[in-house]
Amino acid sequence: MDIPKNALFSCFLIIALFSSSSYAQCPAYTFSNNNLYTTCNALPVLNAFLHFNYHPSNHTVDLAYRHTEIISSNWVAWSLNPSGGRMVGAQSLVAFLNSSGVPHAYTSPITAYATGLQEGPLSFGVPRISAEFRNSNEMIIYATIQLPQGTTSFTHVWQFGAVSSGAARAHDMTPEHLRSFGNIDFATGVSVDTGAGSGGSRQRRRNVHGVLDVVSWGIMMPLGAMIARYLKVFKSANPAWFYLHVTCQTAAYIVGVAGWGTGLKLGSDSSGVVQTTHRNIGITLFTLATLQVFALLLRPKPDHKYRIYWNVYHHSIGYTVIVLSIVNIFKGLDILDPEKKWKRAYVGVLIAMGAVSVCLEAFTWFVVIKRKRTDKQSHIGNGVNVA
């Protein structure tokens, strides 16, 4: 029997769409309490699995959230967010081992990024919750939840982090942690990995932010300072060194502002813990660099009586910007968590610029001292001739 081409194409399209959007199915698993769940999805990141049974008669879900490859000092959490957001507004089921080594399971509503996962009631009922720690590397949260009326489809979020002194600490900010969310429909059992597309796009923006900042604040700014420091000692380089210095620093400022703006956008869209130190240093850098740009408009002439004060201001602010830039870049690399070769590459660039600076510093002092000696001998010789 011939199958119509349109029907065949439609079948393949449906299969492709379903396979690309749904999570992978779970491997076979036997729970210690012999619970059976009709539906299970292997969540795409962080080694987690969600098993559940949906009961349409009373709009409840019996579930087991299973998080593997963790250690005894970790907390785990699975959340629904009825508002459609990700972290803020998430209604969480949390579990970790208490000081006695017994699993402690509880509910925690998340109202802000800076949360310690404090215990509290959720916006929907949770008649039953418990936890089990198995095989020294797996935490399982068992719960029954009463779904909010009107829908069976929600955004869900899952995470894990460290426990210290009996309190949950902030989770890491790796790409996997930032992608740990998706959409789930308990009626159909279909779970869609929205974190893959959004996380990928967000990761690209994070990479662009990192590249812009490394090139501008981390390389061009120090290079511009080196030009001013070591070229102006040569009379033949005047005033070329000044225009090179201004060009390099202006270009660095423009690229840096682009990176700074990208960072602000990432921060406003962040679904994780806001990196306060990195953000605050970035704002400080933008402010100081902007002051440097405007200071050019107030630059006194070389023989002006206030020029020395302007020089002190300009040099101190400039070197402060360079030091803070390097510090913040390393903080940013820790947040971005790229392959180690990129961090090593930047360290190599810094070492190379440092080595060149040391050599040029020695040569500059040699030139300056030699010039002073020559000028002194010339003055003495002129004095003798006059006498």
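Before you click on anything, one definition: a residue is buried under 20% relative accessible area, exposed over 50%, and partly exposed in between (1.4 Å probe, protein chains only). This is a predicted model, where local features need pLDDT of at least 70, side-chain atom pairs count only at pLDDT 80 or more, and totals for chains, interfaces and linings use all residues. Residues are numbered from 1 along each chain as its sequence is written, and side-chain values use heavy atoms, with hydrogens and water left out.

Start by selecting Asn 34, in the loop between β1 (24-25) and β2 (39-42). Helices (H or I, at least four residues) and strands (E, at least two) are DSSP runs, numbered from the N terminus. Asn 34 isn't a glycine, yet its phi is positive, near 60 degrees. Buried or exposed, what is Asn 34? It counts as exposed, because its relative accessibility is 59%.

Next, hop to Asn 47, in the loop between β2 and β3 (48-55). Here's another non-glycine with a positive phi, about 55 degrees. Asn 47 has 36% relative accessibility, so it counts as partly exposed.

Strand β6 (residues 91-97) runs antiparallel to strand β7 (residues 103-109), and 7 bridges join the two. Strands count as paired if DSSP finds at least two bridges between them. Look for Gln 91, which stands opposite Pro 109 in β7.

Last stop: Pro 239, in the loop between α3 (194-231) and α4 (240-269). Zoom in on the bond joining Asn 238 and Pro 239: this peptide bond is cis, with omega about 5 degrees.
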